[in-house]
Protein chains: 2
Amino acid sequence: MFIANNNFTLLPESYLFSEVGRRIRDFKQVNPERDIIRMDIGDVSLPLPEVVVRAMTEAINEMGKSETFHGYGPEHGYSFLRDKIAATDYALRGLTHISADDIFISDGAKSDLGNLGNLFGRNLKIAIPDPGYPVYSDANIMDGNGGEEHNGLFSNIIKINSDTQNNFLPIVPEGAVDVIYLCFPNNPTGVGITRSQLTQWVEYALQHKSLIIYDSAYEAYVRNPATVRSIYEIDGAEKVAIEIRSFSKTAGFTGVRCGYTVVPESLDFNFSDGSKANLNKMWNRRQCTKFNGVGYIVQKGAEALYTAEGQQAIKSNTDYYMNNARMLREALIKKGMIVYGGEDSPYVWFRTEKGSDSWDMFDALLHQTGISSTPGIGFGKQGAGFLRLTGFNTTEMTRKAISRLNESLIDL
Amino acid sequence: MFIANNNFTLLPESYLFSEVGRRIRDFKQVNPERDIIRMDIGDVSLPLPEVVVRAMTEAINEMGKSETFHGYGPEHGYSFLRDKIAATDYALRGLTHISADDIFISDGAKSDLGNLGNLFGRNLKIAIPDPGYPVYSDANIMDGNGGEEHNGLFSNIIKINSDTQNNFLPIVPEGAVDVIYLCFPNNPTGVGITRSQLTQWVEYALQHKSLIIYDSAYEAYVRNPATVRSIYEIDGAEKVAIEIRSFSKTAGFTGVRCGYTVVPESLDFNFSDGSKANLNKMWNRRQCTKFNGVGYIVQKGAEALYTAEGQQAIKSNTDYYMNNARMLREALIKKGMIVYGGEDSPYVWFRTEKGSDSWDMFDALLHQTGISSTPGIGFGKQGAGFLRLTGFNTTEMTRKAISRLNESLIDL
């Protein structure tokens, strides 16, 4: 008799953004005349850059002719793209110790964040930030890495809390943990991390032989030179850290699906019998077995981002969203809110006065102003009372949202 | 201290097709003057159909303009594609009980075959065909579903053997198994299955409450009306079976990446405490958590296959490869070989006289004729002594391969 994976019964009923979407749909059905300004899920509004459109159109034409057709590609991605990532995103920024062989092209950050658990042994202690992107905990619970559940807490999941006390910069745990998820610039708080602050985490991981999974999906939004863009800026990180990046938020790839994950060849850990486990080789084996690589046309589109025109498009797109985020930040500060983010990140995170339950505030904001947000509680207990807004809508809609916020009687 | 997933140490050193690729590269390096005819991995040679090129070009242009840009899509796929699949591949063939809500768009069969194990409880008995596509066993071993390993055998993996005795049609096991992988038309043997034969498996699954994972990637190659195209042709299958399909081999999508998996809403099993586990809901939760859906442009390309022109292109592509497979089949029969497949499938599977070790024969064929094959042993012990050739090369190259086979002194 087939028995289903019990761990699914331990998950929240629905994925956070599915629930946000459901509430917005319900609201629209009851209020078809209201127009909604989407500032919830981190989806972008600017179209694909022209240089990407041209490259993908050319690639499609290649695929339509026998002489230039491309069938199965390498599971870890084409060299033409891996080489350019290594050269531009790493070597050019002084990180010459990251090479093309360390880079795996993915169909986006969520897939790799979800699947990396396949590399984990059993019964590891896993440190997950609260607030944090819900995939970190959901994926681990689903995979049975949570351990014993009691009142919604899991014996193997150690929450690393952050809050207004530590400016939403979590500090290293006192005991030993085996896996650490970190995300900077942070989703949802928008907070960046400095080199000295991140060095503490890398040193902790080196000392405890922990694996860091560093979600760096928003690095292109960093503006402050003191803020870290890659964890490999920190000495020794290549021995303990996997870094995950995405083209979704930098170049409008949310509907195209491409990103990359760096699993350095120097990432040596052990199996339980003490024998050597090289995570680069293991991830390659996992991808060869359970993935067929990202499509050729998509990878040609991503490659175009590494031309001068492509790099300019990334700069221009991220500047546009950053300007929106800054406007939101300033408007909320003017209203007397406590606000984080919006400086090295497209996310603005703010505390509502009423804020014991973020879903109440989510509903109040939606019903009174037609603005959809993401409730902080969806990112963990420490998010209670907070809402996340994104700078990803158009500037026009962001301005409209700000005037609605200013005019509304809503008591945030 | 991070400990890596021990199950990786139990896997074959490299994935079958990676090993085949390595041997071909090595041969080429030593013999740069030899031209190789690739008949190993099931990669296609015909370019994307024009109707797909047009649809994808249009979709890219939409993505390049703000008004028509598409960001994140639904994790389970766009309705425009799910609806057409349900209408064309199912309802039109009389399978009206399969609806759009049962269909999940994927980036290819391998990803879903690899990831479906996420739905499995612990310690299930898993029946895997031998010979069979290596992903079935590799993915399960990697996920720790294999149980105890002893001399390369796993306590929870029951091999369902097929061989010349049963014409490579495995028969239902005597004991109870919980999960059953089946693939028809079969990879690697090319053998199709009739309704009465498949009914035995569905009845077995209904009786034992087993889950069938039915790999139907080659259904478009079925020519004999008595051969099954979808497992849902069998009464009750919608209560026990997941069906996996791909556009890779029907429309040149190996480098585009799109397929679909049918997880019927009627697929109710239990968790270990006896509570109801609906696999459609669980798979949706899995995909929402660990996947961001297939890109818009790719799904528009797949949608174009459901126009009259698209359906004609599938017919014409599959006819072309089937003609190659038939030629290979006939040539090998003429040489006195025992040959399977090539009638409802693009694969030709034949026994070599010398064949105690297929890797020897693989090397001999490559070195003497420059033809690359896939060694049967790579698909399991029952494949020893067999080689698989594919009809996916061009007709010109297939003819060339046949004359090399006829002229060679190689004693197959």
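Colleague: What span does helix 11 (residues 358–369) of chain A reach from its first C-alpha to its last?
Modeller: The model is predicted. Helix 11 of chain A has 12 residues, and at 1.5 Å a residue 16 Å is expected. The span in the model is close to that, at 16 Å.

Colleague: Within what arc do the buried residues of helix 11 of chain A fall?
Modeller: The buried residues are S358(A), W359(A), M361(A), F362(A), L365(A), L366(A) and T369(A). Seen down the helix axis, they line one face of helix 11 of chain A, because they fall within an arc of 160°.

Colleague: Which residue follows helix 11 of chain A?
Modeller: What covers the buried residues of the helix includes helix 1 (16–30) and helix 12 (395–407) of chain A. After helix 11 of chain A comes a residue with positive phi, near 75°: G370(A).

Colleague: Are the rings of W359(B) and F362(B) stacked or edge-to-face?
Modeller: Both residues lie in helix 11 of chain B, three residues apart, about one turn of the helix. W359(B) counts as buried at 18% relative accessibility, and F362(B) does at 0%. Their ring centres are 5.3 Å apart and the planes stand at 75°; over 60° the class is edge-to-face.

Colleague: Which residue has its charged end over the ring of F80(A)?
Modeller: F80(A) forms a stacked pair with Y78(A), 5.0 Å centre to centre with 15° between the planes. Both Y78(A) and F80(A) are buried. The charged end over the ring of F80(A), 4.3 Å from its centre, belongs to K300(A).

Key
Residues are numbered from 1 along each chain as its sequence is written. Chains are lettered from A and ligands numbered from 1 in the order in which they are written. This is a predicted model: local features need pLDDT of at least 70, side-chain atom pairs count only at pLDDT 80 or more; totals for chains, interfaces and linings use all residues. Side-chain values use heavy atoms; hydrogens and water are left out. Helices (H or I, at least four residues) and strands (E, at least two) are DSSP runs, numbered from the N terminus. The expected span of a helix is 1.5 Å times one less than its number of residues. Buried means under 20% relative accessible area, exposed over 50%, partly exposed in between (1.4 Å probe, protein chains only). The arc is that of the directions from the helix axis to the C-beta atoms. Contact means heavy atoms within 4.5 Å. Rings of Phe, Tyr and Trp (its six-membered ring) pair if their centres lie within 6.5 Å; planes under 30 degrees apart count as stacked, over 60 as edge-to-face and the rest as tilted. A charge sits over a ring if NZ of Lys or CZ of Arg is within 6 Å of the ring centre and within 35 degrees of the ring normal.
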